[in-house]
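Have a look at the picture first.

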Amino acid sequence: MSCKHPWLYHGESPKAGRKLLLLEVDELTFALPLIYRLIHPAEIDQKSDWFSASVVTADEKQNKEYISLVELLQKVTQERKKLTNLIDPLTRLNQSLNQYFSDYGWRMVRKELSQIKKRQKKSHIELSKDLIVKLKAYMEQERLDSFDQAIDNLLSEVESFKATDHQQYS
């Protein structure tokens, strides 16, 4: 179940475009390592415009917001590993993230998260040059635009052939 947590804007909310969202349960595997990396006090010095004013001006050694956020991240991580209900701890974590990051900063976090998700969907396989030449010839013959389409088409043909072959011998 995916529950949408809207970002509460610190400044004026934008009139157009997609509204920012906080973290959702199905994003946690990608998001938690990113968040841990980005909330570190060293990041605050480098990207001060990503964080709320209270975080930027806080004493680095006694940053209560940072300490609280780390505790909430650990709680969500533990609950996720136990496969228990994450709604309450995730809600608290999202509220804390909303106070920790600026509107601009959260937009940048979402952008990085989107890139991570996109990379996770892609795989890299190596093919010999002669196989690529054959695949390109097949793409031209079948008027296909991408290797994905060509491979999908070939696999569909094989499945179709197997089904036809199976019916003949049944």
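Predicted model: local features only at pLDDT ≥ 70, side-chain atom pairs only at ≥ 80, totals over all residues.

Residues are numbered from 1 along each chain as its sequence is written, and side-chain values use heavy atoms, with hydrogens and water left out.

Start with helix α4 (residues 64–82) and helix α5 (residues 87–100), whose axes come within 9 Å and cross at roughly 150°. That makes α4 roughly antiparallel to α5 (the label for angles over 145 degrees). The crossing is left-handed. On the α4 side, the contact (heavy atoms within 4.5 Å) includes Tyr66, Leu69, Leu72 and Leu73, while α5 brings residues including Pro89, Leu90, Leu93 and Tyr100. Sorted by class, this contact has ten nonpolar, one polar and four charged residues.

Now find helix α1 (residues 28–39) and helix α6 (residues 103–121). Their axes come within 10 Å and cross at roughly 135°, so α1 and α6 are oblique to each other (oblique covers what is left after under 35 degrees for roughly parallel, over 145 for roughly antiparallel and 65 to 115 for roughly perpendicular). This crossing is right-handed. Phe30, Ala31, Leu34, Ile35, Arg37 and Leu38 in α1 meet α6 residues, among them Trp106, Val109, Leu113 and Ile116. The classes here are nine nonpolar, one polar and three charged residues.

Definitions and conventions:
Axes fitted to C-alpha atoms, helices over the stretch in contact; angles between N-to-C directions. Helix = DSSP H or I, 4+ residues; strand = E, 2+ residues; numbered from the N terminus. Left-handed = near helix turned anticlockwise from the far one by under 90°. Nonpolar A, V, L, I, M, F, W, Y, C, P; charged D, E, K, R; others polar.
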